[in-house]
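Dear colleague,

I am passing on to you the structure that follows, together with some notes on what turned up in it. Please have it open while you read.

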Amino acid sequence: MTWDTLWTNCHAATMVPSSAFGAIDDAAIAVRDWRIAWIGPRAELEDTLEDAGAHEVVDLEGRWVTPGLIDCHTHLVYGGDRAAEFEMRLEGADYEAIVRAGGGIVSSVRATRAASFEQLCASAERRARELLAEGVTVLEIKSGYGLDEATEARMLTVARHLGETLPATVRTTCLAANALPPEYAERPDDYIDLVCERILPQVAEAGLADAVDAFCERIAFDTAQTERVFRTAHALGLPVKLHAEQLSDQGGTQLAARYDALSMDHVEYVSAEGVAAMAAAGSVAVLLPGAFYTLRETQVPPIAAFREHGVPMVVATDANPGTSPARSLLLMLNMACTQFRLTPEEALAGVTREAARALDLADDYGTLETGKRADLVAWDIDQPAELAYWIGMPRPARILRHGQPPCNQWTGQ
Ligand code: NIG
Ligand code: FE
């Protein structure tokens, strides 16, 4: 049987945790039927090649190849923007004060409710395309700016549509418990009733969500309310994850650990008990340096404790109009190293191997190994650490997603 494609004369950062970056020098990678059919040192290929052959052989001229990048935490679908709020914060207003004054998430809710399916699709596609152009092949998209049945479903339908039309694997997450909508002011438990009795069942029934998220915070929902959301999610057969300890320690991490959360995200204020609970539950920490930077946060997530307890660390954009108007995952690698002191290898693992775990996709994505999906990115770099080193990386030299080059329209290649 012949291979579809053979990438040769390259160095592979496989991200298999064997050696630094799981590197294979002078490597070759063969692709068949969307998957990696063979990977190893080029010198070992000779015999194999005679057997297999390839329709297309690509000489990568010594470039580095990584797995496709994975952005496991985005809020890419929304109406409007929050540039005015950015200016308010620069003049001294803080995020929580803006939220309490009726701004923040709720102002994006107003704009999102007013936007049509087509409008939401067009703007979200533009944002997704920017991520894809820099080598992202898997991304997660959350709802959470609808906060009513119709708009939450519309946001998730947009996300599903992007998964069908873009050369990317899209996982969707229902974040109906993101904030209290204005019509439920002072009635958070009634809103949680709506989430649990109507929004989540409807979304699950329509197959619109792969997971359920919530915002456990003093400006959002407490642990009792979050637990109701988690219980409902589990009853519907959906895994959970949590925006946890972003602005304060609420104990959301321990709660999420009890519900086997896929990930706890932000976690700047997580306690020692929270980290231990994450380790015991096998959860991953999703670090969001774009939000840390935008909010001028000073409390760094407990990186040393994560390392000590073996809690995998993921890096994502948190792309959203309020706290992280980020349009580049690679910039987040740089920020994770500079702000949180991750090593470049940890940062790259955080957007490949560990990010795949956060989306429960590790069987198919996240490392370069035989049998995994052939999501491959070739870079004009001399060493993999450069992916975290440059502030503003040049685009990839080549991309394969499921063994195919994504069409020009989406990647600008
Ligand atoms: O930083 N869900 C909670 N917080 C979001 C911010 C959303 C916003 O301000 O629009 C986050 O992940
Ligand atoms: Fe977020």
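The notes below take up a sheet, then the cavities and then the pockets.

Please keep in mind throughout that this is a predicted model.

Strand β1 covers residues 3-13, and eight of its eleven residues are buried, which leaves the strand mostly covered. To one partner, strand β2 (residues 23-32), β1 is joined in the antiparallel sense over seven bridges, and within this pairing Thr8 has Ala28 of β2 as its bridge partner. To another partner, strand β4 (residues 54-67), β1 is joined by eight bridges, and here the two strands run parallel; Trp3 stands opposite Ala54 of β4. Strand β4 in turn runs antiparallel to strand β13 (residues 376-379), with four bridges between them, and one pair that you can look up there is Trp64 with its bridge partner Trp379 in β13.

**The cavities**

Three cavities of 30 Å³ or more were counted. The largest cavity has a volume of about 120 Å³, and of the 13 residues that line it, His75, Tyr95, Ile105, Asn320 and Thr323 are the closest to its centre. Its lining is made up of seven polar, four nonpolar and two charged residues.

The second largest cavity, with a volume of about 50 Å³, is also lined by 13 residues, and those nearest its centre are Pro67, Gly68, Tyr365, Gly366 and Asp375. In this lining, six residues are nonpolar, four are polar and three are charged.

**The pockets**

The largest pocket has a volume of about 590 Å³. Of the 28 residues in its lining, the closest to the centre are Asn320, Pro321, Ser324, Pro325 and Ala326; Asn320 is also among the residues closest to the centre of the largest cavity. By class, the lining of the largest pocket holds 14 nonpolar, eight polar and six charged residues.

The second largest pocket holds about 350 Å³ of space. It is lined by 17 residues, and Val99, Val106, Ala179, Leu180 and Ile219 lie nearest its centre. Both α3 (95-100) and α4 (105-113) supply at least two residues of this lining, in which twelve residues are nonpolar, three are polar and two are charged.

With best wishes

Methods
Residues numbered from 1 in each chain as written. Chains lettered and ligands numbered in written order. Predicted model: local features only at pLDDT ≥ 70, side-chain atom pairs only at ≥ 80, totals over all residues. Heavy atoms only, no water. 1 Å grid on protein atoms, 1.4 Å probe; cavity = no way out; pocket = protein on both sides within 12 Å on 5 of 7 lines; lining within 4 Å. Points joined across faces, edges and corners; volume = space filled by probe spheres on them. Nonpolar A, V, L, I, M, F, W, Y, C, P; charged D, E, K, R; others polar. Buried < 20%, exposed > 50% of the residue type's maximum accessible area, 1.4 Å probe, protein only. Pairing = 2+ DSSP bridges.
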